[in-house]
Amino acid sequence: MTRTFETVGVVGLGTMGAGIAEVFARAGMRVIGVEADEEALGRGRGHLSTSTSRAVAKGRMTAEQQAALLGRITFTTSREDLADADLVIEAIPEIMEYKRGLFSDLDRICKPSAVLATNTSSLSVTAIAATTSRPAQVVGMHFFNPAPVMKLVEVISTVVTEDGLAAEIADLARRLGKTPVTVGDRAGFVVNRLLLGYLNHACGLLESGLAGRDDIDAAVKLGLGLPMGPFTLLDLIGLDTSYEVCEVLFRESRDRRHAPAPVLREFVTAGLLGRKTGRGFYSYAAPTPAAHEPGPRAVVSMVGIVGSGPEVAGLVADLDAAGFKATVAERSDLTPVADADVVVALSDRPVIELAVRLPHPERLVGLHLVGDRVAEVASTVLTSEDVAGAVQDLVTVLRRTPVRCGDRAELVVNALLYPYLNDAVRMLDSGYATAADIDDAMRLGCGYPAGPFEMLDAIGLERVRDGLRALYAEYREPSFAPAPLLDQLVTAGVPGFRAYAR
């Protein structure tokens with residue numbers, strides 16, 4: 001049966017629900033917006049008025065189009081007004097008890113042919129559908145905030161969803177101007193399942209003392225080109241929301257990487273939830289004037305470099321242009337750098353074994369160049385603080401952002417990136433979603449410059465596989481072990497996932 005969706009109900013007109021109502025009204029459909037009481041209904045009207053007025057001010061619609069759009073929306077506090085809706089989508093708080101109660105009520109009210117959809121970002125669609133007499137007509141339709149702007153919609157089907165219904169909902173999403181990604185009913189779906197694992201992992205690295213909050217945020221934002229660092233993003237999402245999603249993921253997966261990091265629990269218990277409370281990992285009170293910082297002041301004249309290849313040649317050229325002398329040594333013979341003021345080992349792996357071979361082990365740090373904007377500066381347990389500070393200043397002179405960290409496998413950027421890529425490979429291997437859909441979801445849902453499989457192909461499968469092996473050897477975390485599919489593709493000599501997909 002091919003359905004026509006012309007009248008759509010939206011239950012819950014908070015920021016997300018009002019945005020969803022606007023999206024459907026923009027597409028020319030009649031919308032029935034439902035809220036619990038007149039006060040909440042007034043707030044919902046306000047959200048829609050503000051959003052559409054902003055669009056008019058930016059020239060994205062005319063005042064006449066705004067009036068027509070708002071005229072297609074009926075506001076009510078009675079769920080009974082949804083009786084003739086073709087589709088009803090809920091956008092109420094992420095509390096299973098509330099959603100199950102609502103769907104039981106909608107099942108009673110709505111006509112037998114109506115499709116019921118949940119905008120949940122992580123809860124079980126199957127559990128919600130089970131409260132109705134029409135579980136085959138219940139789907140997930142997960143929009144991203146702000147709904148009028150974000151292009152992604154995750155369409156979730158369950159094991160009992162009627163054949164073809166997910167495809168019809170995906171077509172509806174395209175009619176709305178969105179890009180649908182169709183997936184099965186697993187906690188977190190695609191975006192939150194991958195994103196929260198990465199964000200929670202960042203919390204774990206912070207707690208371990210590997211690097212500081214600002215360093216981790218800078219490393220990811222500048223090194224990988226992501227819109228924001230993990231702690232800035234956690235504050236934006238809300239630490240309570242992030243904590244609850246991690247709990248949902250952990251209850252299903254029992255993967256330790258999904259168990260909420262203790263620091264998240266501490267912040268939530270203290271009521272420090274991020275931007276919405278004025279403080280989370282960062283404080284959002286009125287900023288105080290920044291203290292004057294002296295300019296870069298590298299105090300070294302001779303820099304020893306351990307490594308080989310084009311990266312070393314480039315660093316030598318940059319140092320020469322900045323007025324520093326450099327001498328180079330291979331890892332097998334450190335003699336040429338023995339008397340250098342500081343020694344940098346170009347590596348993303350622990351370098352303590354090199355330090356102990358030098359007459360002055362306190363002068364060695366690891367240096368990992370990430371893109372053309374970041375340099376990770378890794379101190380060993382023997383590194384002098386003066387030397388680490390001097391190399392940090394030296395990196396600044398070379399117009400890179402220094403990221404101070406400990407001497408651990410894959411340092412910061414790759415320690416966060418590779419497990420995230422590994423999770424995506426496991427997701428693909430399970431048949432849960434296609435590589436193209438996963439890439440679309442992370443690009444459109446998170447604003448990433450590339451999806452995980454695009455990143456894997458750009459970095460190289462073998463390099464990521466070997467990095468994961470190093471992480472597993474260091475941390476003994478089972479989820480860091482390379483996904484079997486990744487290992488098999490490397491062994492078979494397959495150059496990338498584009499080739500595998502063909």
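On a 1 Å grid over the protein atoms alone, a cavity is a set of points where a 1.4 Å probe fits but cannot get out, whereas a pocket is an open set with protein on both sides within 12 Å along at least five of seven lines; lining residues have an atom within 4 Å of a point. Grid points are joined across faces, edges and corners, and a volume is the space filled by probe spheres set on the points. The model examined is predicted, so that local features need pLDDT of at least 70 and side-chain atom pairs count only at pLDDT 80 or more, while totals for chains, interfaces and linings use all residues. Residues are numbered from 1 along each chain as its sequence is written, and side-chain values use heavy atoms, with hydrogens and water left out.

The protein chain contains 20 helices and 14 strands, taken as DSSP runs (helices H or I, at least four residues; strands E, at least two) numbered from the N terminus. Its C-alpha trace spans about 85 × 55 × 40 Å along the principal axes. Of the 502 residues, 53% count as buried, where buried means under 20% relative accessible area, exposed over 50%, and partly exposed in between (1.4 Å probe, protein chains only). An unreviewed UniProt entry annotates residues 7-185 as "domain: 3-hydroxyacyl-CoA dehydrogenase NAD binding"; UniProt positions are given in the numbering used here, feature names are shortened, and annotations may be inferred rather than shown by experiment. Over residues 7-185 the chain is 40% helix and 21% strand, with the end C-alpha atoms 26 Å apart.

Two cavities of 30 Å³ or more were counted. The largest cavity has a volume of about 50 Å³ and is lined by Y198, L224, L226, L416, L417, Y420, Y448 and M455. Helix α15 gives the most to this lining, with three residues. The lining of the largest cavity comprises eight nonpolar, no polar and no charged residues, with Ala, Val, Leu, Ile, Met, Phe, Trp, Tyr, Cys and Pro counted as nonpolar, Asp, Glu, Lys and Arg as charged, and the others, Gly among them, as polar. For the second largest cavity the volume is likewise about 50 Å³, and the lining consists of V303, L315, L319, V344, L367, V391, L394, V395 and L398. Two or more of these residues come from each of α12 (310-321) and α14 (385-397); α14 supplies the largest share, three residues. By class, the lining of the second largest cavity has nine nonpolar, no polar and no charged residues.

The largest pocket has a volume of about 1200 Å³. Its lining is made of 37 residues, of which M16, F144, N145, I237 and T241 lie nearest the centre. At least two lining residues are supplied by each of α1 (15-26), β6 (138-143), α7 (191-208), α9 (230-237), α10 (239-253) and α16 (435-446), and the largest share, five residues, comes from α7. The lining of the largest pocket divides into 21 nonpolar, ten polar and six charged residues. The second largest pocket has a volume of about 380 Å³. It is lined by 17 residues, with E22, S51, R54, P146 and P148 closest to its centre; α1 and α2 (38-57) are the elements that give two or more residues to this lining. The classes in the lining of the second largest pocket are six nonpolar, six polar and five charged.

Most residues other than glycine have a negative phi, and most peptide bonds are trans. The peptide bond from N145 to P146 is cis, with omega near 0°, and P146 lies in the loop between β6 and β7 (152-156). In the loop between β14 (401-406) and α15 (413-429), E410 has a positive phi of about 65° although it is not a glycine. E410 is buried, with a relative accessible area of 0%. L411, placed in the loop between β14 and α15, has a positive phi of about 55° and is not a glycine; L411 is buried at a relative accessible area of 1%.

Helix α18 (residues 461-475) has 15 residues and reaches 21 Å from its first C-alpha to its last, close to the expected 21 Å at 1.5 Å a residue, the expected span being 1.5 Å times one less than the number of residues. Its buried residues are L461, V464, R465, G467, L468, A470 and L471. R476, which follows α18, has a positive phi near 55°. In α19 (residues 484-492), L485, L486, L489 and V490 are buried. Seen down the helix axis, the buried residues of α19 fall within an arc of 135°, so they line one face of the helix; the arc is that of the directions from the helix axis to the C-beta atoms. Q488, T491 and A492 are exposed on the other side of α19.
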